[in-house]
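Here are a few notes to go with the model you asked about. Have it open while you read.

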Amino acid sequence: MLAYRAAQPEPPDLRIGPTPRAGTPTGPPGTATPADDTRPAGQLVARHTVATSTTEYQLVLVGSERIGRRGLSEAIGDAVAELRAIDVTYSPLRPNSLVSLLRRGEVAAEVYPPLADIVHRCEAMRVATEGWFDPWAVPGGFDPAGMIKGWAIERAAGRLRAAGITDYAVVSGGDLVVRGRAPHGGPWRIALQQPLSAGTGDGPAGATPGSPPTTVTMVDGAIGTSGLTVGRRKVVDPHTGSLVERDSAAMVIGADLAVADGYATALFAAGPAGRDWFPQWTATTCWTWSARRSTPGAARPRDLGK
């Protein structure tokens with residue numbers, strides 16, 4: 001479920017994008033806004049932050065008294081264990097990870113099903129984006145950084161569901177997954193702040209640079225971005241091998257964060273050329289911003305792991 005509306009006085013539960021100008025709702029990007037004082041009676045809220053070698057994750061869990069604080073704590077422990085295990089096992093920055101071993105030709109992806117899943121998703125995304133998402137085209141060989149964070153968040157969310165948690169958010173930088181209800185009892189309110197340097201265009205709700213954010217309300221979905229947050233990862237143009245240097249950003253909203261993350265990376269690398277291959281559908285929405293204009297579109301994730 002997904003709905004859009006202009007930002008309202010009530011604070012967002014989550015925010016994506018750069019810090020807005022004075023006069024707009026404040027709060028760091030990609031973080032959870034405390035809302036304990038508005039939660040329904042009998043409802044418990046747990047928040048946790050975990051840092052890995054590559055990024056930081058925030059988890060927000062909402063549960064009933066039946067689940068209890070112990071149940072919430074155990075669910076967080078399961079999700080954190082999954083995120084840490086993925087960091088150790090698949091991080092391209094770790095020399096002994098499976099991804100690094102694969103880059104050096106020391107293992108075959110088929111031997112490890114999760115690694116094979118990553119490779120399959122990357123291959124499918126490379127085809128879907130006409131080569132604009134290509135982990136094999138970066139210096140040093142195979143590097144799935146443009147998708148693996150979304151993949152990790154989805155797997156952590158799966159651990160939460162397995163623990164019986166139906167209302168949660170998992171956030172990292174400009175990427176997130178939400179499900180169920182926020183601490184205040186309604187859908188998750190997510191503020192989408194347009195890049196401060198973007199030009200006036202036809203983006204979300206006709207937003208202009210630094211204007212009050214557009215709020216997306218969701219009960220089940222994912223948002224992947226590229227180029228929005230401070231300290232964003234370096235994106236390589238797979239056709240030239242050079243770093244992408246442009247004053248732009250891309251955001252994709254859909255059902256699967258690994259897919260949305262991959263598409264956002266490809267759109268950021270491609271720039272305006274991405275409009276030519278981005279498949280049109282209503283299941284997934286994208287926005288791209290540049291110094292000249294913002295362009296909304298729609299996409300179907302195809303067979304990319306939905």
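This is a predicted model: local features need pLDDT of at least 70, side-chain atom pairs count only at pLDDT 80 or more; totals for chains, interfaces and linings use all residues.

1. The crossing is right-handed (the near helix is turned clockwise from the far one by less than a right angle).

2. Which residues of α3 and α5 meet? From α3 come Arg-121, Met-125 and Ala-128, and from α5 come Ala-258, Val-259, Gly-262 and Tyr-263 (contact means heavy atoms within 4.5 Å). By class, that is 5 nonpolar, 1 polar and 1 charged residues, with Gly counted as polar and Arg as charged.

3. Now the rings: the whole structure has 2 aromatic pairs (ring centres within 6.5 Å; planes under 30 degrees apart are stacked, over 60 edge-to-face, the rest tilted). One of them, Tyr-90 with Trp-151, is edge-to-face, at 5.5 Å centre to centre and 85° between the planes. Tyr-90 sits in helix α1 (residues 68–90) and Trp-151 in helix α4 (residues 145–162), so the pair ties together parts 61 residues apart in sequence.

4. A word on confidence: the chain's mean pLDDT (the predictor's confidence in each residue, from 0 to 100) is 79, and 72% of its residues reach 70 or more. Over residues 20–29 the pLDDT is below 50, and over residues 31–37 it stays under 50 too.

5. Housekeeping: residues are numbered from 1 along each chain as its sequence is written, and side-chain values use heavy atoms, leaving out hydrogens and water. Local features need pLDDT of at least 70 and side-chain atom pairs count only at 80 or more, while totals for chains, interfaces and linings use all residues.

Note on methods: Helices (H or I, at least four residues) and strands (E, at least two) are DSSP runs, numbered from the N terminus. Rings of Phe, Tyr and Trp (its six-membered ring) pair if their centres lie within 6.5 Å; planes under 30 degrees apart count as stacked, over 60 as edge-to-face and the rest as tilted.
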